[in-house]
Amino acid sequence: STQSTGLYVSKDMTNQGGRVVLWAALLMAAALLVTADIPSDARRWVDTLGLSKQPFGNYLTDTYQSQMHFYDNRVHATRSLSANVYNLYARDNNAGTEQAGFPLHRLVSDEIWHWYAGDGPIILYEFDWASGEVRNTSNGANVPGRDHPTHTVANGTWTGALLAEGTSWALTGAQTSPGFDPSDSTMAKSNQTLVQQFYLRFPEYWQLLDRLLSF
């Protein structure tokens, strides 16, 4: 047998069926070898901070979890008082998407966004169900009066984020209070009835919804 790109290739891969299996294995190995093509400055931050790529294409690591806890009656569970993460967003030339960001979701916690570095801002979109309007906030620190180095998204708010036009990467931080727990996050895309309601309530923003639901 031979060892190639971490995959075991057995001797019985010599007949026609075996060749098909071998080709499939090689294609899988090639896919694993493809790395994200993100800006070099972003890559240096990813490596330096030890950020891990997430399913939605962002790069993340936890930085703080409060050791103080309380019982949250809203979720009937114990939560830490607060938690922090680094979150880096970068355009990936291999991903086939026009913009990097985070999909439409809502949290039980308040979420405070902080902008640390990058070549431009990331836009936060907050959907106001009562008015049918969407609030845009430029989370950045490049242009005074346009950018906001920090911004708080109130708990229960449906929100999503996209790198601004012309921005290729942004290193941000997020502080949640109470501390984040995966069970406290709801992704809009997971409920198709809700998705339809979004398009009906925010018809003028269908293109934005398309993008925020495409992750």
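Analyst: Keep in mind that this is a predicted model. Begin with a pair of facing residues: Ile112 stands opposite Gln175 in β15.

User: Which strands does that pair belong to, and how many bridges join them?

Analyst: Strand β9 (residues 110-118) runs antiparallel to strand β15 (residues 169-177), and eight bridges join the two. β9 also pairs with strand β13 (residues 150-153), again in the antiparallel sense, over four bridges.

User: Where do the side chains of a regular strand point?

Analyst: In a regular strand they alternate between the two faces of the sheet. In β14, one side has Trp158, Gly160 and Leu162, the other has Thr159, Ala161 and Leu163, and all of these are buried.

User: Why is β14 described as largely enclosed by the rest of the structure?

Analyst: Six of the six residues of β14 (residues 158-163) are buried, so the strand is largely enclosed.

User: Which strands pair with β14?

Analyst: Strand β8 (residues 101-107) is joined to β14 by three bridges and runs antiparallel to it; here Phe102 is opposite Ala161. Strand β10 (residues 122-128) pairs with β14 over six bridges, also in the antiparallel sense, and Glu126 has Thr159 as its bridge partner.

User: Is Val195 buried or exposed?

Analyst: Buried means under 20% relative accessible area. Val195 has 9%, so this residue is buried. Val195 lies in helix α3 (residues 192-201). Leaving aside residues up to four places away in sequence, Val195 touches Ala188, Lys189 and Leu213. Leu213 is 18 residues from Val195 along the chain, with 8.5 Å between their C-alpha atoms.

Note on methods. Residues are numbered from 1 along each chain as its sequence is written. This is a predicted model: local features need pLDDT of at least 70, side-chain atom pairs count only at pLDDT 80 or more; totals for chains, interfaces and linings use all residues. Side-chain values use heavy atoms; hydrogens and water are left out. Two strands pair if DSSP finds at least two bridges between them. Buried means under 20% relative accessible area, exposed over 50%, partly exposed in between (1.4 Å probe, protein chains only). Contact means heavy atoms within 4.5 Å.
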